[in-house]
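User: I would like to go through this structure with you. Could we begin with its overall make-up and then turn to details?
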Amino acid sequence: MFERFTKAARAVVKGAVEHAERGGAAVVTEEHLLLALLDREGTRAADALRALCPPDRRPSLLAALAEARRRAGLSRADTEALADLGIDVGAVVARVEEAHGAGALAGDRKDAGWWSGRRSFSREAKAVLEKSLRVALARKDREIGDEHLLLALTATGGVVAEALADHGVTYTAVEDAVSSPAV
């Protein structure tokens with residue numbers, strides 16, 4: 001599949017690995033893919049992100065991702081479902097952090113090791129990469145570009161897609177932005 005990735009898409013994957021390394025994460029996640037996309041300039045995905053979520057709104061996007069990480073990666077839908085069962089996720093997070101420190105549920109433990117020198121990709125990140133291929137095929141594109149990665153991030157659901165949607169970056173909006181001649 002990676003032979004179909006454009007130079008820009010490969011740069012996003014490499015950038016995601018670098019974000020994971022800098023953060024001390026044991027695996028590359030879909031959040032790392034988004035962070036790498038946010039780093040890019042002059043590509044279809046970068047232009048779409050700049051149009052839909054201008055730089056002045058990015059701190060809010062990053063804060064939403066950090067808050068979800070703090071909740072152990074639970075989306076609002078997950079949190080609401082647990083609330084329906086009588087479980088207050090906010091209270092659980094507060095008690096765990098009281099006992100173990102801030103960010104205890106974030107899952108980005110610096111002491112977590114891996115078996116080889118290469119970081120693996122989380123199941124969700126792999127799903128984004130696979131979805132990018134399906135998106136490219138559905139659009140009848142021969143290569144997988146960074147715009148397909150962005151579209152896949154918005155389509156796979158979960159915390160990253162939720163945070164993007166909250167900031168106006170939905171599948172439809174991205175599709176319109178990357179399809180318009182101005183981008």
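User: How many helices and strands does the protein chain have?
Analyst: The protein chain has ten helices and two strands. Helices (H or I, at least four residues) and strands (E, at least two) are DSSP runs, numbered from the N terminus. Along the sequence the pattern is α-β-α-α-α-α-α-β-α-α-α-α.

User: What kind of model is this, and how are residues numbered?
Analyst: This is a predicted model, in which local features need pLDDT of at least 70 and side-chain atom pairs count only at pLDDT 80 or more, while totals for chains, interfaces and linings use all residues. Residues are numbered from 1 along each chain as its sequence is written, and side-chain values use heavy atoms, with hydrogens and water left out.

User: What share of the protein chain is buried?
Analyst: Of the 183 residues, 39% are buried. Buried means under 20% relative accessible area, exposed over 50%, and partly exposed in between (1.4 Å probe, protein chains only).

User: Which residues of helix 1 are buried?
Analyst: They are A8, A9, V12, V13, G15, A16, V17, H19 and A20. These buried residues pack against strand 1 (27-28), helix 2 (30-39), strand 2, helix 7 (123-138) and helix 8 (146-155).

User: What follows helix 1?
Analyst: Helix 1 is followed by G24, whose phi is positive, near 70 degrees.

User: Changing topic: which residues line the second largest pocket?
Analyst: The lining consists of F2, R10, V13, K14, V17, R118, R119, S120, F121 and L129. On a 1 Å grid over the protein atoms alone, a pocket is an open set of points where a 1.4 Å probe fits, with protein on both sides within 12 Å along at least five of seven lines; lining residues have an atom within 4 Å of a point.

User: Which element gives the most to that lining?
Analyst: Helix 1 does, with four residues. Helix 1 (7-23) and strand 2 (120-121) each supply at least two.

User: Where is K140, and is it buried or exposed?
Analyst: K140 is found in the loop between helix 7 and helix 8. K140 is exposed, with a relative accessible area of 73%. Its phi is near 60 degrees, a positive value in a residue other than glycine. Most residues other than glycine have a negative phi.

How values were computed: Contact means heavy atoms within 4.5 Å.
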